[in-house]
Amino acid sequence: MRDQMISIKTGWLINGCGDAVKHNMCLDQKKGTIRSIRKIASPVPDPSQAQIQVVDLSDCTLLPGLIDCHAHLALSSTARRNPPDGFGFEKPDRLHGTILKHLNQLLARGVLAVRDGGDPDGSVRRYRADPGRKAHPVQLRTAGKARHRPGRYGHLIGSALPFDRSLAESILQEEEGIDHIKIVNSGLNSLTEFARETAPQFDSAEMKAAVHAARKRGFKTMVHANGKLPVKNAVNAGCDSIEHGFFMGKENLNRMAERGTIWVPTAYTMKALGDRMKRKGADTDVVRRNLEHQVQQIQTAREIGVQIALGTDAGSAGVAHGQAVIEEMRILLDAGYPIEEIVQCTARCGALLLGLPRSGRLKKNVPATFIAVKGAPSQLPESLNQIKAIYLKGNEINMNSYNLK
């Protein structure tokens with residue numbers, strides 16, 4: 001079948017590069033590669049082809065496989081926030097079932113790659129290294145354990161640095177089996193005091209040394225940072241992405257635009273927290289204002305040209321793997337992004353951040369990896385709950401082979 005030309009007829013196509021939606025298109029693929037993207041009435045690019053299989057998805061929208069650039073696969077959105085003593089130590093594969101469940105939830109929403117932001121025992125790294133695990137369609141990139149200063153925030157997603165070792169030394173001595181470095185350079189947002197900022201965990205010199213050490217090892221750096229100074233230190237150090245970035249301010253956004261630093265806003269975390277607090281009868285005013293301010297920053301980022309990659313912080317309280325991608329896309333819609341740019345943030349920008357240069361776009365001569373969702377683009381992102389087909393390098397995935405509930 002891979003040697004046969006397959007023409008996918010689709011009602012609409014979004015290529016993931018920010019270009020306008022195309023209507024009534026054919027995507028021709030052969031041997032797992034896109035050979036052409038053409039209007040349905042246009043001639044087949046290879047007329048010598050003896051037989052062409054036609055797949056009719058004319059009631060669907062085709063778009064690239066999506067990417068969640070910030071998730072915590074070992075953590076559940078419904079779990080209590082303070083893990084018990086011995087988290088992950090009872091059995092090396094104790095969390096493997098949880099991680100697989102979360103990968104399946106991502107797949108169910110058309111997510112074909114995920115960047116994990118760390119867990120306290122490196123369980124995701126161990127899961128991926130397990131020779132007995134079955135291959136999964138969702139590509140996994142992991143940080144292992146996030147790094148934070150002793151006594152500061154970060155125990156839920158990583159481990160504190162030893163008192164006798166610098167951040168840079170820790171990175172240089174990092175074991176194999178990770179794809180990027182996660183650094184925690186601030187605390188969390190206050191839920192009771194609007195716009196309260198925390199001090200940086202690492203100063204400018206420490207951050208610069210850390211980024212240099214990561215590059216020496218061939219790693220990109222993702223930095224958890226909220227507030228003006230924590231973000232400034234990270235951006236000036238040359239980090240690859242700012243995670244969260246609440247209350248970082250326009251000066252930092254300008255720095256990021258100038259340096260090409262990618263921003264992963266994870267705005268839905270505030271809405272999810274607010275929803276949980278409402279159910280418990282708690283005051284949600286500060287959380288609501290936190291979210292509104294983040295949406296304003298996202299609008300400013302678009303105006304000045306900051307590149308945004310979509311990430312959800314799934315595994316946080318109330319932030320469910322897979323479904324959170326839809327929720328984060330809705331927030332970008334609220335911030336004024338057209339659906340073509342939202343797909344770009346959720347596909348191509350994410351692919352570049354994860355080091356997947358041939359992923360996240362539908363173009364000639366790239367792998368035929370894409371999803372088909374029912375209905376027109378105007379029904380996105382909700383239609384990600386109605387995926388009709390997923391193709392991975394030209395092969396349709398049998399969705400019944402995975403527990404996608």
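In which loop does Pro381 lie? Pro381 sits in the loop between strand S14 (370-374) and strand S15 (387-392); helices (H or I, at least four residues) and strands (E, at least two) are DSSP runs, numbered from the N terminus. The peptide bond that joins Leu380 and Pro381 is cis, with omega about 0°.

The structure is a predicted model, in which local features need pLDDT of at least 70 and side-chain atom pairs count only at pLDDT 80 or more, while totals for chains, interfaces and linings use all residues. Residues are numbered from 1 along each chain as its sequence is written, and side-chain values use heavy atoms, with hydrogens and water left out.

Two other loops hold a residue other than glycine with positive phi. Ala195, with phi near 65°, is found in the loop between strand S10 (180-184) and helix H4 (204-217). Its relative accessibility is 29%, so Ala195 counts as partly exposed; buried means under 20% relative accessible area, exposed over 50%, and partly exposed in between (1.4 Å probe, protein chains only). Lys393, with phi near 50°, is in the loop between S15 and strand S16 (395-396). Lys393 has a relative accessible area of 51% and is therefore exposed.

The interior comes next. In soluble globular proteins, nonpolar side chains tend to be buried together. A nonpolar core is here a set of buried Ala, Val, Leu, Ile, Met, Phe, Trp, Tyr and Cys residues joined through side-chain atoms within 4.5 Å. The largest such core has 81 residues, and those with the most contacts inside it are Ile183, Ile242, Trp263 and Ile298. Helix H9 (residues 323-334) gives the largest share of this core, six residues. Another core, of 17 residues, lies apart from it and includes Leu27, Val55, Phe370 and Ala372.

Gly249, Asn252, Leu253, Arg255 and Met256 of H6 are buried. Seen down the axis of H6, these residues fall within an arc of 155°, so they line one face of the helix; the arc is that of the directions from the helix axis to the C-beta atoms. An α-helix has 3.6 residues a turn, so residues three or four places apart point the same way. On the other side of H6, Lys250, Glu251 and Glu258 are exposed. The buried residues pack against helix H5 (228-237), strand S12 (241-244), strand S13 (262-264) and helix H8 (285-304). After H6 comes Gly260, whose phi is positive, near 75°.

Val231 lies in helix H5 and is buried, with a relative accessible area of 0%. Leaving aside neighbours within four places in sequence, Val231 is in contact (heavy atoms within 4.5 Å) with Ala225, Asn226, Ile242, Gly245, Met248 and Asn252. From C-alpha to C-alpha, Val231 and Asn185 are 7.9 Å apart in space, and they are 46 residues apart in sequence.

Helix H7 (residues 268-279) packs with H8 at an angle of about 160°, their axes 9 Å apart. Axes are lines fitted to C-alpha atoms, for helices over the stretch in contact, and angles run from 0 to 180 degrees between N-to-C directions. H7 is therefore roughly antiparallel to H8, a term for angles over 145 degrees. The contact is made by Met270, Lys271, Leu273, Gly274 and Met277 of H7 and by Val287, Asn290 and Leu291 of H8.

Definitions and conventions. Parallel < 35°, antiparallel > 145°, perpendicular 65-115°, else oblique.
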